[in-house]
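Hi everyone, thanks for making time for this.

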Amino acid sequence: MTIMTTTLQASITNREFKRIRNLQNQISNGSTRLFEMDNSSNASPLSHILLSHKTNRYHQLFTLEELALFLHLEHKKNILDIKEHYLLPSEQALQCHTQLSLYRHNESRIVEKAKSHLGITTDLVVVEYDELRDSLYQQAFKCVPSDEHRTTVYSSEGAIRLHHRNEIERFYWEKQNVVVIQVTEKDLNPIKTSNLRWLRETYHHVQNLDVHEYLSQNITMTLHERFLTRTTATLEEHLSHAASIHKVSISDALDTFKHAAYSNLIPINLNERIELYSPVTMVPYPHHIE
């Protein structure tokens, strides 16, 4: 098993850090419960900033594809840490650049002029636990558009620079014995992405609910049993029933359900859209849940 190496995460800009600090202060003061702030960063028109319950850090995702992939990775129980826009060490990137340039004499002037070995990042890098080997390993992910969504047009020089940067990135991770997985918008189920985005909200405020752990467990058991025995009833009907029995608000019953579904305490099929006025689809074999 290869020894895992780590690299310091790229430092965030002062402007973004100040904005995040202000948001943290607002949250601490109780003036906001928004832990998912989209379209608020100047870095990208599709930029999102999320507070992750898994890493206990804010993460900035520049595209919808990065956001979707982050949500799926965050939900996997064996993923222990996630770093976005992982900055490749400049010295190692330069070494990769030099080695690759030896095979590209006709492109070397363009590549060298562009300093294409600087500031190369990998979209997402995770630390995952391997249960079989009882060890940790790194895995890298690159978000790329599918062919029909590939709209960016580059000049010949720009295409060469981009290709060379991608080659440096690939070569760097290859030398680290780390697999780079390319993910397009087609590789992730959009329904599951939407469900995860909705369900995960409870992780940020479930401790503040007026529902103690014992009562939360009883509500979860009630909902689970009714999902199995009353398969045609809607989620709203189940929540109303559980709220009435356990004398809690429907809002508290809903938050308990969301936390239980996200945590796999109730084996909900996340590939089917979860809607308040529709029945809930269960997973046939709970032991296959990720």
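Let's begin at His72, which sits in helix 2, residues 64-75. Helices here are DSSP runs of H or I with at least four residues, strands are runs of E with at least two, and both are numbered from the N terminus. Before going on, please keep in mind that this is a predicted model, where local features need pLDDT of at least 70, side-chain atom pairs count only at pLDDT 80 or more, and totals for chains, interfaces and linings use all residues. Residues are numbered from 1 along each chain as its sequence is written, and side-chain values use heavy atoms, with hydrogens and water left out.

Is His72 buried or exposed? At 13% relative accessibility, His72 counts as buried. Buried means under 20% relative accessible area, exposed means over 50%, and partly exposed is in between, using a 1.4 Å probe and protein chains only.

Which residues does His72 contact, beyond its neighbours within four places in sequence? They are Leu188, Asn189, Lys192, Thr193 and Leu196. Contact means heavy atoms within 4.5 Å. Take Leu196 as an example: Leu196 and His72 are 124 residues apart along the chain, and their C-alpha atoms are separated by 7.5 Å.

Now follow those contacts across to Leu188. You'll find Leu188 in the loop between strand 7 (180-183) and helix 6. Leu188 is buried too, at 16% relative accessibility. Setting aside residues up to four places away in sequence, Leu188 touches Ala68, Leu69, His72, Val183 and Thr193.

Thr193 is our next stop, and it belongs to helix 6, residues 190-199. Thr193 has a relative accessible area of 14%, so this residue is buried. Apart from neighbours within four places in sequence, Thr193 is in contact with Ala68, Leu71, His72 and Leu188.

Let's stay with helix 6 and see how it meets helix 9. These two helices pack at an angle of about 125 degrees, and their axes are 9 Å apart. The axes are lines fitted to C-alpha atoms, for helices over the stretch in contact, and angles run from 0 to 180 degrees between N-to-C directions. Helix 6 and helix 9 are therefore oblique to each other. For the cut-offs, under 35 degrees is roughly parallel, over 145 is roughly antiparallel, 65 to 115 is roughly perpendicular, and the rest is oblique.

Which residues make this contact? Helix 6 supplies Leu196, Trp198 and Leu199, while helix 9 supplies Leu254, Phe257, Lys258, Ala261 and Tyr262. By type, the residues where helix 6 meets helix 9 are 7 nonpolar, no polar and 1 charged. Here Ala, Val, Leu, Ile, Met, Phe, Trp, Tyr, Cys and Pro count as nonpolar, Asp, Glu, Lys and Arg as charged, and the others, Gly among them, as polar.

Helix 9 (residues 250-262) also packs against helix 8 (residues 235-246), at an angle of about 115 degrees with the axes 9 Å apart. That makes helix 8 roughly perpendicular to helix 9. On the helix 8 side we have Leu235, Leu239, Ser240 and Ala243, and on the helix 9 side Ile250, Ala253, Leu254 and Phe257. The residues of this contact between helix 8 and helix 9 come out as 7 nonpolar, 1 polar and no charged.

Over to the strands. Asp81 is in strand 4, residues 79-87, and is buried, with a relative accessible area of 16%. The side chains of Asp81 and Lys83 are joined by a polar contact of 3.2 Å. A polar contact is a pair of N or O atoms within 3.5 Å; within protein, one must be able to donate a hydrogen and the other to accept it, and residues adjacent in sequence count only if both atoms are side-chain atoms.

Strand 4 also holds His85, which has a positive phi of about 50 degrees although it is not a glycine. His85 is buried at 13% relative accessibility. Asp134, in the loop between strand 5 (121-130) and strand 6 (135-143), likewise has a positive phi, near 50 degrees. Asp134 is exposed, with a relative accessible area of 56%.
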